[in-house]
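Biologist: I would like to learn how to read a model like this one. Please show me feature by feature.

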Amino acid sequence: MNFLTLRYFQVVAQERSFKGAAGRLNLSQQTLSEHIRRLEEELGVELFNRTRPLTPTEAGERLMLGAEEILSAKNCLDWDLEQIKTGRRQRLCIGISKIGAPPFLSGLIRAFVTENSDCQVQIIEREYGMRPEDMRRIDLHFLTYSGARDMESIVLCHDDMALVVRESVLSAAFGPVWPSLAEEMEKTGDLHLMKGIPFVLLDDPSIPQGLGREQTFAAAGFAPEVVATSANDSVNFSLCCSGVGGMIAPCGILCHMKEEMGAVPADL
């Protein structure tokens, strides 16, 4: 296993398609598939279910977390060594979400570098499963949720929360009364009405996303019945599309995941 192979695996996992990943990496699908096949042989496990879109196996999900951590550490080390080599030791490290940079970031950086010409800016995309203590090496982090311990946070904007669930899950949980419950929740936003359905959650409540969802359920006055967990929001969204359970997430994240997934079931 090497850094290049891990990067190839990471892109395939993000794109959920050998074709999409190959285009992004400027490789042939055959070459990329061969790299993943050799990695699976080396590890002795299958990393992807060969479905459309591709979904990671349990081993694949674990490797996704490890690859993010390893490649992030490598990027930081490369950066530090480059700063030593060039003599430019000052930097501002900014963390952004997987769904992309906030719209005001470019203007913020432009103003900063204009006034601080001797400082370089490094932008790091948040890894899945990043813990609050991992974020201490980042000077300024734009999070989807606040709540990281021992860190000062400022609310910049609010995003509506949405529940993603198949009609079949609601029908199985509530029977013929589910349409009226769903309609009432849509009007009132009372998540407690959905107490009877199974939920798919992030598997680490210590990370910012987990804290946000934990607080949402606490405000609704019940502990969810958890049927599946994953450290990857896109995986959770895929499980919900398959009728495993329901999930809650900011509308901005859901729009991003729908774009990643392409067509989704009409009854979500």
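Biologist: How many salt bridges does the count come to?

Modeller: The general idea comes first. Side chains of opposite charge can pair when their charged atoms come close. The rule here asks for a side-chain nitrogen of Lys or Arg within 4 Å of a carboxyl oxygen of Asp or Glu. By this rule the count comes to 8 salt bridges. Before we go on, note the ground rules: this is a predicted model, local features need pLDDT of at least 70, side-chain atom pairs count only at pLDDT 80 or more, and totals for chains, interfaces and linings use all residues. Residues are numbered from 1 along each chain as its sequence is written, and side-chain values use heavy atoms, with hydrogens and water left out.

Biologist: Which side chain meets glutamate 41 in a salt bridge?

Modeller: That of arginine 37, at 2.3 Å, N to O. Both residues lie in helix H3, 4 residues apart, about one turn of the helix. Helices here are DSSP runs (H or I, at least four residues), strands are DSSP runs too (E, at least two), and both are numbered from the N terminus.

Biologist: Is glutamate 41 buried or exposed?

Modeller: The scale is relative accessible area: buried is under 20%, exposed over 50%, partly exposed in between (1.4 Å probe, protein chains only). Glutamate 41 is exposed at 54%. Arginine 37 is partly exposed at 33%.

Biologist: What does lysine 74 meet in a salt bridge?

Modeller: Aspartate 78, at 2.7 Å, N to O. Lysine 74 is partly exposed, at 27%. Aspartate 78 is partly exposed as well, at 37%.

Biologist: And which residue pairs with lysine 187?

Modeller: Glutamate 183, with 3.5 Å from N to O. Lysine 187 counts as exposed at 67% relative accessibility, while glutamate 183 is partly exposed at 44%. Salt bridges can also share partners: Glu34, Arg37, Arg38 and Glu41 are joined that way into one network.

Biologist: Now helix packing. At what angle do the axes of H1 and H3 cross?

Modeller: Two packed helices are described by the angle between their axes and the distance between the axes. Each axis is a line fitted to C-alpha atoms, for helices over the stretch in contact, and angles run from 0 to 180 degrees between N-to-C directions. The axes of H1 (residues 3–15) and H3 (residues 29–43) cross at roughly 110 degrees and come within 10 Å. H1 and H3 are therefore roughly perpendicular. On this scale, under 35 degrees is roughly parallel, over 145 roughly antiparallel, 65 to 115 roughly perpendicular, and the rest oblique.

Biologist: Which residues of H1 and H3 meet?

Modeller: Contact means heavy atoms within 4.5 Å. Thr5, Tyr8, Phe9 and Val12 of H1 meet Leu32, His35, Ile36 and Leu39 of H3.

Biologist: How does H2 cross H3?

Modeller: The axes of H2 (residues 18–25) and H3 come within 9 Å and cross at roughly 105 degrees. That makes this pair roughly perpendicular. Phe18, Lys19, Ala21, Ala22 and Leu25 of H2 make the contact with Gln29, Leu32, Ser33 and Ile36 of H3.

Biologist: How many residues are in the largest nonpolar core?

Modeller: A nonpolar core is a set of buried Ala, Val, Leu, Ile, Met, Phe, Trp, Tyr and Cys residues joined through side-chain atoms within 4.5 Å. The largest has 19 residues, and Phe9, Val12, Leu32 and Phe48 have the most contacts inside it. H1, H2, H3 and helix H4 (58–86) each supply at least two residues. H1 gives the most, with 6. Apart from this core lies another, of 17 residues, among them Leu170, Trp178, Leu193 and Ile197.

Biologist: What about backbone details, such as the peptide bond from arginine 52 to proline 53?

Modeller: That bond is cis, with omega near -5 degrees. Proline 53 is in the loop between strand S1 (48–49) and strand S2 (55–56).

Biologist: Where is arginine 16, and what is its phi?

Modeller: Arginine 16 is in the loop between H1 and H2. Its phi is near 55 degrees, a positive value in a residue other than glycine. Arginine 16 counts as buried, at 6% relative accessibility. Asparagine 26, in the loop between H2 and H3, has phi near 60 degrees, also positive. Asparagine 26 counts as exposed, at 70%.
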